[in-house]
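Keep the sequence and the model side by side while reading.

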Amino acid sequence: MKFARTPGTAVAHVLAWLYAAVLVVPLLYLVLSSLKGNLAIFTSPYALPSAPQWDNYAEAWTTARLGPALGTSVYVTAASVAVTLLLAIPAAYALARSDSRFSTVAYATFAAGFLIPPFAALIPTVFLGIELHLYQRAEFLIAFLPATALPLSVILLTAFMRTIPKEMAEAAVMDGAGHWTVLTRLYVPLSMPGIITVVILQALGFWNEFFYSLVIVGTAPTERTVQVALPIALISENTDYGVLAAGTLISLVPVYLVYVMLQRRMQEALTAGAVKG
Amino acid sequence: MAAPDTAATDDRTGTGPGVSTDRTAATAAAPSPPVRTQQLRRMNATGGGRSLPLLTVPALVLYLFWTVVPIVFVFVFAFFDYRGILDFVASDSLVDADRFSGLDNFRLVLTDAVFLQALRNTAIQVGVAVPLMLPLAFMLGYYLDRRPPGWRVLSVFFFTPGLISISIKGTIFYAMLSPNGGLNGVLDAVGLGNGGAVDLTTAWYADPRTALGVIIFADLWQGIGWTGVLFAARLSAVPVELYEAAAVDGASEWRRMWGVAFGVVKGYFGTMVMLQFLWTLFNSAPIVYILTGGGPGTATTTLSFLVYQKAFQQQQIGYSQVVGIVLFLFGVAGLVAIRRAFRQAY
């Protein structure tokens, strides 16, 4: 059913494209700036660079020390995803197969997690980090971030695993299979789409995490993640905007690559993440 | 919580998912073998087994440890007089009785002009951002779901900000809105800048008249499109016949949007209002940190940023945690109000 051609729908088209422009112009500005020096950025912000300064990318890589920061981000993201899966998969398996009172309470506890905003208790979280000797270490994030990801991961995986017919598991148990076998041979393979969704969703969240990384892990070049390295470069005096823009784009490359490779799946994952309600 | 404690102890000596393979070892340590056998039999019969829910325990423990424990300590630290993170590192125990200070922190905070300003800024931020974002996002979602010309391209544009981290968003806005940045560049180009009849250019995040607006705009910029895509995903489940029937009855596009589509997703709309409210209320600290540092003066000091600023820049942990409690009460009150407003939906 087509849109009617009325003044109202004409306004809708205009507003939607205007908003799209508001979203795209800053990104365009970022790309153009990454190939210019400050003078060109200030005087003719939207002109194509007369002589592209590809050096900006090399400069960003060295001055913001993006190499080690990217390495730390990859390490933190991969390890946090692993911990999340290691905890969430067995939990979801149990919640999908058991309807005891304990399971009901556990499920409700995870579901309530959506309403606990992550910044609610920043300072005590710092103290816990200190007590655990994880203060100013990247490992803090690996211990902490999976906890923030568990409610959504468990709920999504449970929903997936509940679609697996219980009779299949029961038949396997009749043949003498234990939980470990049923889980690894049956439930994990059959819920792979759900697991991939959780991996995409949480990896993006872990990669993009900023404030805990800043406050608890801090800005030491050996520990900081790429999200922290960039704004730190910004706060330093004599900001070279071209270099900053180049660094920002470098940090977006991994996300963008994954997006291109898994575009449809990623869109589904991110939508699933928010449609949990 | 009627799960058997005895099972809990011996199963945890097993290796999590490998519970059943380790069962022979675990059985040796179990206090009452007959119960064990019974359990084993039931497990074999139904495929469930009473120990099965225990697989949720490791996930529950990690999750509760990092959520419940810190929130409890917000309420504890508010009554103590710590002078900063280093002061805490130096003390031996988690809570130092010598530093108990009763209600001093509360007295200090509630009479402090900075706190009252932060309360006002937060009220404005939440009061403007949430009521603007959700209806606009819903309308955008409806628009996308109607598959207008170019909707595929539009979806990619609206979706992209969802991939961007707060630090990148902050960096982009910092560059865009700096005095020599991209926004003033646009204004100059269209004759609204320096030398034009009307000069709209300013140092956006350093100007007290616009700074709080910048913080709010940064949320809207990213949030409307992203939430709109989510609404579109939800609305795609609405059968076209519903709209067609409404059209036959003479309902305009506007009426179909708010009368038909909104009715279908009202519960989801309420959930999104809640999540956006909480997000705006609690998570403004990072974007304020990057763009304005709470300034100029206290023009953009929100409660969320004040929690951070007092603890890490001004070494007043107690003050910071009293603000944390206020934030918490603000959040609970807001949730109750939102729930009530969307009650029919639940």
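**Two helix pairs in chain B**

In chain B, helix α12 (residues 240-248) packs on helix α13 (residues 253-264) at an angle of about 135 degrees, and their axes are 10 Å apart. Axes here are lines fitted to C-alpha atoms, for helices over the stretch in contact, and angles run from 0 to 180 degrees between N-to-C directions. That angle makes α12(B) oblique to α13(B); angles under 35 degrees count as roughly parallel, over 145 as roughly antiparallel, 65 to 115 as roughly perpendicular, and the rest as oblique. The crossing of α12(B) past α13(B) is right-handed, where right-handed describes a near helix turned clockwise from the far one by less than a right angle, and left-handed one turned anticlockwise. On α12(B) the contact is made by B:Leu242, B:Tyr243, B:Ala246 and B:Ala247, and on α13(B) by B:Arg256, B:Gly259 and B:Val260. These residues divide into five nonpolar, one polar and one charged. Nonpolar covers Ala, Val, Leu, Ile, Met, Phe, Trp, Tyr, Cys and Pro, charged covers Asp, Glu, Lys and Arg, and the others, Gly among them, are polar. Two residues are in contact if their C-beta atoms, placed from the backbone, lie within 7 Å.

This is a predicted model, in which local features need pLDDT of at least 70 and side-chain atom pairs count only at pLDDT 80 or more, while totals for chains, interfaces and linings use all residues. Residues are numbered from 1 along each chain as its sequence is written, and chains are lettered from A and ligands numbered from 1 in the order in which they are written.

Helix α14 (residues 266-282) of chain B and α17(B) pack at an angle of about 165 degrees, with axes 10 Å apart. α14(B) is therefore roughly antiparallel to α17(B). Their crossing is right-handed. Among the contact residues are B:Gly270, B:Phe277 and B:Phe282 of α14(B), and B:Phe330, B:Gly331 and B:Gly334 of α17(B). By class, this contact has 10 nonpolar, three polar and no charged residues.

**Two residues with positive phi**

Most residues other than glycine have a negative phi. B:Gln315 has a positive phi of about 55 degrees although it is not a glycine. B:Gln315 sits in the loop between α16 (303-312) and α17 (317-341) of chain B. Is B:Gln315 buried, exposed or partly exposed? B:Gln315 is partly exposed, because 15 other C-beta atoms lie within 10 Å. The cut-offs are 20 or more such atoms for buried, 12 or fewer for exposed, and partly exposed in between.

In chain A, A:His133 has a positive phi near 60 degrees. A:His133 is found in the loop between α6 (122-131) and α7 (139-161), and is exposed, with 10 other C-beta atoms within 10 Å. Eight of the 10 residues of α6(A) are buried, so α6(A) is largely enclosed by the rest of the structure. The buried residues of α6(A) include A:Leu122, A:Phe127 and A:Gly129.

**Whole chains**

Chain B has 17 helices and zero strands; helices (H or I, at least four residues) and strands (E, at least two) are DSSP runs, numbered from the N terminus. Of its 346 residues, 43% are buried.

Chain A is divided into domain 1 (7-54) and domain 2 (64-236), with bounds from an automatic or database domain assignment. Taken over C-alpha atoms, the centres of these domains are 36 Å apart.

Between the chains, 90 residues of chain A are in contact with 90 residues of chain B. Helix α1 (residues 7-33) of chain A supplies the largest share of chain A's side, 14 residues. That side divides into 65 nonpolar, 20 polar and five charged residues.
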